[in-house]
Amino acid sequence: MGQFNTNEIVIIDDVEPPLIRSGESSDSPHPHHQNSRLSDAQYPLDGRIEEFRKLHFPDATDAMWNDWHWQLFHRITTYHDLCRYLVPTAEEEQALRQASTLFHFSVTPYYLSLIDPNDTQGSLRKCVIPSILEADHQSGESDDPLSEEHTTKVRGLVHRYPDRVLFLTTSFCSTYCRYCTRSRMVGGHTENLLKHWDEALSYIEEHAEVRDVVVSGGDPLTLSDEMLGYLLSRLGAIGHVEMVRIGTKVPMVMPQRITEQLLAVLKKCKPLYMSIHATHPDEMTREAAKACDALADAGIVLGSQTVLLKGVNDSVETLKNLFHKLLRHRVRPYYLYQCDPISGSAHFRTTVDKGKQLMQGLRGFTSGYAIPQYVIDTPGGGGKVPILPAYEVGQDEQHLYLRNYEGKVFSYPTERE
Ligand code: SF4
């Protein structure tokens with residue numbers, strides 16, 4: 001471990017000013033982007049991104065904009081920062097002025113460029129700009145709704161299910177989601193990162209039943225290539241670990257992070273799965289699509305995780321559009337989560353009936369591959385439970401009665417035990 005020093009970890013306050021790397025010209029984004037299958041796709045936000053860049057970063061070259069360090073260095077993190085780009089609503093202003101008591105605020109310039117400054121009810125805006133509604137804590141809500149603290153075996157390692165663990169590798173994200181389940185612990189930087197990793201890795205080494213490690217955070221793709229490579233190689237050296245999954249929102253909020261260097265690190269870890277946190281079809285821009293294509297080309301198995309959010313993605317049309325766009329770039333919709341009852345999240349939560357209606361509006365009306373599993377991660381640490389609309393409508397001695405997507409009832413002959 002001596003080969004690493006803390007300067008190799010991304011430290012938000014210490015990110016160097018942007019540099020143009022040798023070999024990158026001002027008009028040539030990452031080389032892997034050139035082979036993307038993008039010819040017939042539509043990217044309606046291209047114009048908005050360009051306009052934003054011209055207006056707010058006229059001196060930033062393509063090489064700067066496409067450098068993830070530049071994106072981190074220019075994150076928007078305060079009320080005064082934000083006012084340079086849009087006029088906050090009264091609810092947003094109140095929240096941002098109380099920044100010390102609410103969950104961290106940070107958004108990359110790239111992600112902010114996707115937000116229409118004139119639409120105060122915009123979906124992506126609600127996801128990342130704080131609202132004073134977050135200060136409204138209701139009964140049944142909790143800072144740790146999944147009781148992860150109770151199943152934390154060593155710092156940053158949650159062992160809830162028999163054969164898999166959740167490894168919380170960093171507390172840092174480039175952009176903070178207002179509905180984050182781990183808002184109690186996410187934000188800023190983890191002290192003694194390598195020591196805490198060592199403890200978690202030792203735990204995994206000592207537990208032969210652990211065959212699947214979910215590397216999450218915070219966002220692990222905000223770690224440097226060296227740190228991530230170190231972590232993945234340590235996990236790869238543990239004989240009983242059969243697979244590693246990375247949970248990340250980076251391809252959607254900072255796709256510039258998916259560089260050739262990162263892909264080289266990820267390719268060494270096999271088999272590697274990645275769960276991409278995707279919320280709304282507007283996130284699937286040309287850049288995000290290129291990032292997903294590059295990850296898939298590198299042999300990483302891609303799935304998506306989506307939190308169902310009121311006023312953001314709670315319509316069949318929006319979800320279908322999102323899932324179709326993901327599939328187009330080889331990301332298989334995996335989970336649709338009922339929003340966890342995290343403190344201050346009431347304004348984001350739909351009813352479970354609404355979730356079932358949405359699933360009913362998908363099943364049969366689009367490819368099965370475009371339909372994720374709708375789940376509730378049960379409060380108290382009971383794990384994920386699938387929620388299905390009522391397709392089984394009756395049973396007698398001989399038959400099970402099933403309702404199809406058109407509302408027609410069919411019978412299936414049941415066997416005697
Ligand atoms: S990216 Fe994940 S960990 Fe980070 S704020 Fe969003 S939900 Fe939370």
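Begin by colouring this predicted model by domain, with domain 1 spanning residues 11-132, domain 2 spanning 148-386 and domain 3 spanning 390-417. With domain 1 and domain 2 on display, their C-alpha centres can be found 21 Å apart, and the contact between them draws 35 residues from domain 1 and 30 residues from domain 2.

Keep to the domain 1 side of that contact and select α1 (46-56), α3 (68-73), α6 (109-113) and α7 (123-128), each of which supplies at least two residues to the side that touches domain 2.

Next, select helix α13 (residues 316-328) together with helix α14 (residues 352-362), whose axes come within 9 Å and cross at roughly 55°. Because an angle from 65 to 115 degrees would count as roughly perpendicular and one under 35 as roughly parallel, α13 and α14 are oblique to each other, and their crossing is right-handed. Show side chains here to see V316, L319 and K320 of α13 meeting L358, G361 and L362 of α14, a contact made up of four nonpolar residues, one polar and one charged.

Finally, centre the view on the ligand and select the residues that surround it, which are C173, Y176, C177, C180, R182, V186, G217, G218, D219, K249 and H277. Coloured by class, this shell around the ligand separates into five nonpolar, three polar and three charged residues.

Technical notes: Residues numbered from 1 in each chain as written. Predicted model: local features only at pLDDT ≥ 70, side-chain atom pairs only at ≥ 80, totals over all residues. Axes fitted to C-alpha atoms, helices over the stretch in contact; angles between N-to-C directions. Helix = DSSP H or I, 4+ residues; strand = E, 2+ residues; numbered from the N terminus. Parallel < 35°, antiparallel > 145°, perpendicular 65-115°, else oblique. Left-handed = near helix turned anticlockwise from the far one by under 90°. Contact = placed C-beta atoms within 7 Å. Nonpolar A, V, L, I, M, F, W, Y, C, P; charged D, E, K, R; others polar. Near = placed C-beta within 6 Å. Domains from an automatic or database assignment.
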